[in-house]
Amino acid sequence: MLQEGKLYIGTSRKPDDAINKPEYLELKFGNRHGLITGATGTGKTVTLQILAEGFSNAGVPVFCADVKGDLSGIGAIGEAKDFLLKRAEQVGLSPYEFQEFPVIFWDLYGEKGHRVRTTLSEMGPLLLSRLMNASDAQEGVLNIAFKIADEGGLPLLDLKDLQSLLNYMGENASELSNQFGFISKSSVGSIQRELLILEQQGAEHFFGEPALKITDVMRTTNDGRGAISVLAADKLMMNPRLYATFLLWLLSELFEELPEVGDPDKPKLVFFFDEAHLLFNDAPKVLVERVEQVVRLIRSKGVGVYFVTQNPLDVPETVLAQLGNRVQHALRAYSPREQKAVKTAADTFRPNPDFNCAEVITNLGTGEALVSTLEGKGSPSMVERTLIRPPASRLGPLTEAERQNVINVSPVRGLYDEDFDRESAYELLAKRAEKAADAAEQAEAQTTEEQIGRSRWTLPGFGDDEKETDSGRQARPRSSGYQRETIMEAAMKSVARTVATQVGRALVRGILGSLKR
């Protein structure tokens, strides 16, 4: 059943329920992306689990999100339960061997895994605007903020950095508008309020340092298996937009950082995007277009993206067309939208003359699916009604003690567990404001001293005394024409000088606005 260069998915059945043939996903087409769909309780998570197991055994690192908490069992050896043994017998899997897999647990909140963070600079204005559900005007102000930060040498690492920069922009809106475009104080205020909401929702856990390195989700073990990175997302799902934005950021980081490899014998990484509908719900058109570009181009970097969702209509057609490997579990067809989803799912498969695809989709049992993968020269195989194989790892969650044991021996232990707050925009702007205030205070003191000196006495030889003319009369000191600048003018000139020296060294941002390192 297990063949070199292929992942065994399950065994297809004939119309009379007799065994037909094993169904495989060829590793060389693993980077051509995929789609796993089906109603709740039909077996999508188990399909994700057996695919992750197969890729790991083939030496391919995997990243996936554990939305319900039951995917963590992939880190423990499976148990010989009756229904699993029965399924192994039904599909002809012999011997049916159990194993545990190398797992790295991650968690934005640091509770069920290693902390995972990024910086605001690396996320970029486009994804941040999506996270904040910003209007066009607010997105424009955010773009200007990132432009000022990039050119002015002001690292935006966490939320307080952006708050500080926005305060500066609001106080100097008129001057900055002349250089960067119109900055509305009301838009600045709206963004600041949205940042406060994000902070209350826990987004401050996500922004900061040390930022996640892509290489740490692309690890392999000494025995050649790919590490499976599992993101604890049960708590994160309380903020769906943060969940979707984080996964999209990670996808964009992979796209920007990985080199072109063409079509490798097996993927460099497989990325499972569970609850994919959250990515596209109410997403602006420009974001959907960028996602389509990333999905289309990232396969040449050896990354396979597999969307997992309940309904194929959750994924835009332009993205759906890029997904070559399909596993369709049962769908219900009670409402007109559900009936349309069934028809859409049926129409995306290469027809099988032995059965009506649309009828079969509504009658599939748990753990049964319609499967079509790429074969030959990359054409889709004929759709087959397939019993999905049972997993080799545990079906169900780890206990808290078991999870902690995995974390304690993790290869990234100690790398991300402590916060690090280096000098960034918040500290730099505070220093500039302090310097400007000190300069203004010194200027005021000096002016007062000069006024007192002129009214009482002068110190000869220092240029501020009255000089006698040839006629013996005393002349007033000549004015240099220089007028002392205000505190705000001093701060503005300081920033302007910094920006001037940084022009030409501005940071480059990629297709989704993330920072190119």
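**Confidence.** I began with pLDDT, the predictor's confidence in each residue, from 0 to 100. This is a predicted model, so I wanted that number before anything else. The chain has a mean pLDDT of 87, with 88% of its residues at 70 or more. I then noted a stretch below 50, residues 457–462, which has six contacts in the model beyond near neighbours in sequence. Residues 496–505 are also below 50, and there I found ten such contacts. A reminder to myself: where pLDDT is low, the predicted coordinates should not be read in detail.

**The sheet.** Next I traced the strand order. Twelve strands make an open sheet with mixed pairing, running S2-S1-S14-S11-S10-S3-S9-S8-S4-S7-S5-S6. I looked at S4 (residues 62–66) and S8 (residues 269–274): they run parallel and are joined by two bridges. Val62 sits opposite Val270 in S8. Helix H9 (residues 240–257) packs on this sheet and touches S4, S7 (228–232), S8 and S9 (303–309). I wrote down about 160° between the directions of H9 and S8.

**A helix pair.** How do the axes of H5 and H6 cross? H5 (residues 136–152) and H6 (residues 159–171) have axes that come within 11 Å and cross at roughly 100°. Angles of 65 to 115 degrees count as roughly perpendicular, so that is how I logged H5 and H6. From H5 the contact uses Val141, Leu142, Ile144, Ala145, Ile148 and Ala149, and from H6 Leu162, Leu165, Leu166 and Met169. By class I have ten nonpolar residues there, no polar and no charged ones.

Key
Residues numbered from 1 in each chain as written. Predicted model: local features only at pLDDT ≥ 70, side-chain atom pairs only at ≥ 80, totals over all residues. Heavy atoms only, no water. Pairing = 2+ DSSP bridges. Helix = DSSP H or I, 4+ residues; strand = E, 2+ residues; numbered from the N terminus. Contact = heavy atoms within 4.5 Å. Axes fitted to C-alpha atoms, helices over the stretch in contact; angles between N-to-C directions. Parallel < 35°, antiparallel > 145°, perpendicular 65-115°, else oblique. Nonpolar A, V, L, I, M, F, W, Y, C, P; charged D, E, K, R; others polar.
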